[in-house]
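Here is a short briefing on one protein chain. Keep the sequence and the 3D view open while reading.

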Amino acid sequence: MDYAFLRAHDAVRESTPLIQCLTNKVVSNVTANALLAIGASPAMVDTPEESREFAQVASGVLINCGTPSSEQYGGMREAIAGANSAHTPWVLDPVGAGGLSHRTEFMREVLPLGPGAIRGNASEIIALAGTGQGGRGVESTDGVEAALDSAVALSRDTGAVVAISGPRDLIVHVGDTTRAVYLESGHPMLQNVIGTGCSLGAICAAYLAAWEDPFEAIIAAHAHVGAAGSVAAEKHHAPGSFAVAWLDALYDVPPADIEGLVKLTDVEGI
């Protein structure tokens, strides 16, 4: 397996992408710190009055539907319009898709508008593709492998790279050819602290902004986050200390170490 995608790690630090985050209010601080740790620059601009204008100057945009208000929905629509007018990549994190009807309707409304990537858990991706009901709140009730067909269909319909987080991540892109890999990385402790998944969505936006190949960019983002989790878990086994150590590892871990902490496997037969 070619690990050339790891060059994207240095590309993020060299370009310092400005990432506009319209995100879950529970994780704004964590997300901003995670972006700073990888070498990006965060901006939490989410009002309808400013989101379109800011998206036109940002390097990438995150649309995270974790705790949306009516105002933030308006800001998200404006940010997507601004991003598309400036050819700025944007990421959809479909938090809770299928579990609540209003947010699911919003996500399906924006799907045809061209996200560069869609990142969620298996149940969210299945619900977004219209092939299942969604999970329990923000928790997946489906395995990653069960969402493969949904991910392929969603990527084919939208052109986006579709990434599914789980014990091993699945990343799919249907373009001129179909590319799909399983990525083994990370540690279960990542699920015991807030913000790691939502931060991954923002980090995906940073990697999309910095790296030309969107499929490689999303693999690299997941590898970076997962490797940092493995490093943090080596010494810290409780959520509080692990969360700090994970942030430090995002900052410190070099590409050579990431390669040794992740495993890629091509998905066959799709």
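In what order do the nine strands of the open sheet run? The order is β2-β1-β3-β4-β5-β6-β7-β8-β9, and the pairing is mixed. Note that this is a predicted model.

**Sheet**
- β2 (41-43) and β9 (263-266) stand at the edges of the sheet. Each has a single partner strand, so one side of each lacks a neighbour in the sheet.
- From one strand to the next, the twist averages 20°.
- Strands of a sheet pair through backbone hydrogen bonds, in either a parallel or an antiparallel sense.
- β5 pairs with strand β6 (residues 161-165) in the parallel sense, over five bridges.
- Ile-118 has Val-162 in β6 as its bridge partner.

**Helix pair α4 and α5**
- Helix α4 spans residues 70-85, and helix α5 spans residues 101-110.
- Their axes come within 12 Å and cross at roughly 10°. Angles under 35 degrees count as roughly parallel, so α4 is roughly parallel to α5.
- On the α4 side, the contact uses Tyr-73, Met-76, Arg-77 and Ile-80. These meet His-102, Arg-103, Phe-106, Glu-109 and Val-110 in α5.
- By class, the residues of this contact are five nonpolar, one polar and three charged.

**Largest pocket**
- The volume of the largest pocket is about 1,100 Å³.
- The pocket is lined by 37 residues. Closest to its centre are Ser-165, Leu-190, Gln-191, Thr-196 and Gly-197.
- The lining has 14 nonpolar, 17 polar and six charged residues.
- β5 (117-121), α6 (122-128), α8 (196-210) and α9 (214-233) each supply at least two lining residues.
- Which element gives the largest share of the lining? That is α8, with four residues.

Methods: Residues numbered from 1 in each chain as written. Predicted model: local features only at pLDDT ≥ 70, side-chain atom pairs only at ≥ 80, totals over all residues. Heavy atoms only, no water. Axes fitted to C-alpha atoms, helices over the stretch in contact; angles between N-to-C directions. Parallel < 35°, antiparallel > 145°, perpendicular 65-115°, else oblique. Contact = heavy atoms within 4.5 Å. Nonpolar A, V, L, I, M, F, W, Y, C, P; charged D, E, K, R; others polar. 1 Å grid on protein atoms, 1.4 Å probe; cavity = no way out; pocket = protein on both sides within 12 Å on 5 of 7 lines; lining within 4 Å. Points joined across faces, edges and corners; volume = space filled by probe spheres on them. Pairing = 2+ DSSP bridges.
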